[in-house]
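Reader: I would like to go through this model label by label, asking in each case what the label rests on. Please set each value against its criterion before you draw a conclusion.

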Amino acid sequence: MEDEHTAWFRNAKFGMFIHWGPYSLASVEASWPIMQPGGWNISEAEYRALPQRFNPVHYDPDHFIDLARTAGQQYMVFTTKHHDGFCMFDSSYTDYKITNTPYKKDIVKQLSDACARRSMPLGFYYSPPDLHHPGFRDITKLAKDNWNGQPERPEWSSYLDYMRLQLTELLTRYGDVKVIWFDGLNHQGKYDGQRFLDLIHKLQPPTLVNDRIGLTADYVTPEQFIPKAIPTKDVRMRGADASIQGEFRQGVPSATDFQLWETCMTINETWAYNAHDTKFKSAQELVRGLVEVTSRGGNFLLNVGPQPDGIIQPEFQERLRAIGEWMTVNGESIYGTTFGPIQGETGYRTTSKRNEIFVHVFDWPSGPLQISGIKPKVLSARLLANNQPLTFQQTEAGVQMTLPSQAPGKHVNVIAIRTL
């Protein structure tokens, strides 16, 4: 049953994305400096030589897990291979990998072992594009000339076989894999996605698969944006290019029409570590982003790009800790919830769980808060920030809440409404 298959994911709501590789040494984005070279101040040859210097001596998988737990994140997705083709795991089918760097050790193995020990669900990002493999493209040319791959070449089948071998490694050597997170870029149909979906389901039937290999699979993945309405199955968000097919319907869909989804987003403006990118989102922006996503039934996969030494930078840590402080007080309004019964309001958002509706107040009103659209009889209401009971009146027009003159908490204040 689909609900049982995806239950852990729907309940988790908040995860940590980790983009990390030798590219962190150069403070450039992962892979894009060789795909679209303008403005990165690094040549393809220099980029490809970065593994020779990659030695994250302070890498400790527990550092990542500790921070995720502190933030209230319930799962992790780690980049095992980005588009450049460099593997952060000890693949038997390439020399372009972490065990051929000065570091020498298998980073993915260490992380998967730590996650298993500490019961942290772990998923693997795996890039179908691979600019290093001669089956994917003619590697005698610069990557900027053919980075979308060349499926018309006879060598293409050898590349799909390579993908099969590597995915088999990831799904048989590294314990339970909760997610395979593909990132297929353009023209994803060329990867024969059903073949790989079947492989994943054969090797680890519970593993969830995202929508970036030419198939919708289990969930869709808007990137760096939050849909303005609840996604339904007639709307397709087309993976990495973040374009949308179909029109969002306003209001609340039926459970059968709802499309499972997850927004992935950065804390600054780059996925990889970049010492020059100081455009950090505030803790309030990130908390509100989490609320926006959850109020429409989605998951929020928030990215960190570790430094070259393996430490997550202080600015990221500070924001994740602030989200965690908010979640400690308000987590019951996020975990295990689904989209709320009231959509489209400007001053507040709603989530729901069993007989509770959670009203996330963005704009604290100067007088009573009027909430329209709650149909069941309201039994009680309280502020999560201080557990203060609230007085209310319910009429056919809705529920009117009497609130304190000042908001008691930071970022977003939540009212828990218990209904009959």
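Reader: What makes E11 and strand E12 a pair, and in which sense do they run, parallel or antiparallel?

Author: In this predicted model, E11 and strand E12 (residues 356-361) are joined by 6 bridges, and since a pair requires at least two bridges, the two strands count as paired, running antiparallel. Within this pairing Lys353 stands opposite Glu356 in E12, and the two strands form a hairpin with 2 residues between them, where Arg354 in the turn has a positive phi of about 50 degrees.

Reader: Which strand pairs with E11 through 2 bridges?

Author: That is strand E10 (residues 338-339), which runs antiparallel to E11 and is joined to it by 2 bridges; the criterion asks for at least two, so E10 and E11 count as a pair. Phe339 has Thr351 of E11 as its bridge partner.

Reader: Why is strand E11 described as mostly covered?

Author: Buried means under 20% relative accessible area, and 6 of the 6 residues of strand E11 (residues 348-353) are buried. Tyr348, Thr350 and Ser352 point one way and Arg349, Thr351 and Lys353 the other way, and all are buried.

Reader: How do you know that E3 is largely enclosed by the rest of the structure?

Author: The conclusion comes from the count, because 5 of the 5 residues of E3 are buried. Leu122, Phe124 and Tyr126 point one way from the strand, while Gly123 and Tyr125 point the other way, and all are buried. E3 also pairs with E2 in the parallel sense over 5 bridges, with Phe78 standing opposite Phe124, and helix H7 (residues 156-173) lies across strand E2 (75-81), strand E3 (122-126) and strand E4 (179-182), running at about 165 degrees to E3.

Reader: What makes strands E5 and E8 the edges of their sheet?

Author: The sheet is open and has 7 strands in the order E5-E4-E3-E2-E1-E9-E8, with parallel pairing. Strand E5 (208-209) and strand E8 (262-266) each have a single partner strand, so one side of each is left without a neighbour in the sheet.

Reader: What makes Arg288 a charge sitting over the ring of Phe362?

Author: The charged end of Arg288 sits over that ring, 4.7 Å from its centre, and the distance criterion is within 6 Å.

Reader: Are Ser119 and His411 buried or exposed?

Author: Exposed means over 50% relative accessible area, so Ser119, at 59%, counts as exposed, whereas His411, at 17%, falls under the 20% limit and counts as buried. Ser119 lies in the loop between helix H5 (107-117) and E3, and its phi is near 55 degrees, a positive value in a residue other than glycine. His411 is found in the loop between strand E16 (398-401) and strand E17 (413-419), and its phi, also positive, is near 70 degrees.

Reader: Where is the pLDDT below 50?

Author: The protein averages a pLDDT of 95, and 96% of the residues score at least 70. Over residues 239-243, however, the pLDDT is below 50, although this stretch has 14 contacts in the model beyond near neighbours in sequence.

How values were computed:
Residues numbered from 1 in each chain as written. Predicted model: local features only at pLDDT ≥ 70, side-chain atom pairs only at ≥ 80, totals over all residues. Heavy atoms only, no water. Helix = DSSP H or I, 4+ residues; strand = E, 2+ residues; numbered from the N terminus. Contact = heavy atoms within 4.5 Å. Axes fitted to C-alpha atoms, helices over the stretch in contact; angles between N-to-C directions. Lys NZ or Arg CZ within 6 Å of the ring centre and 35° of its normal. pLDDT = per-residue confidence, 0-100. Buried < 20%, exposed > 50% of the residue type's maximum accessible area, 1.4 Å probe, protein only.
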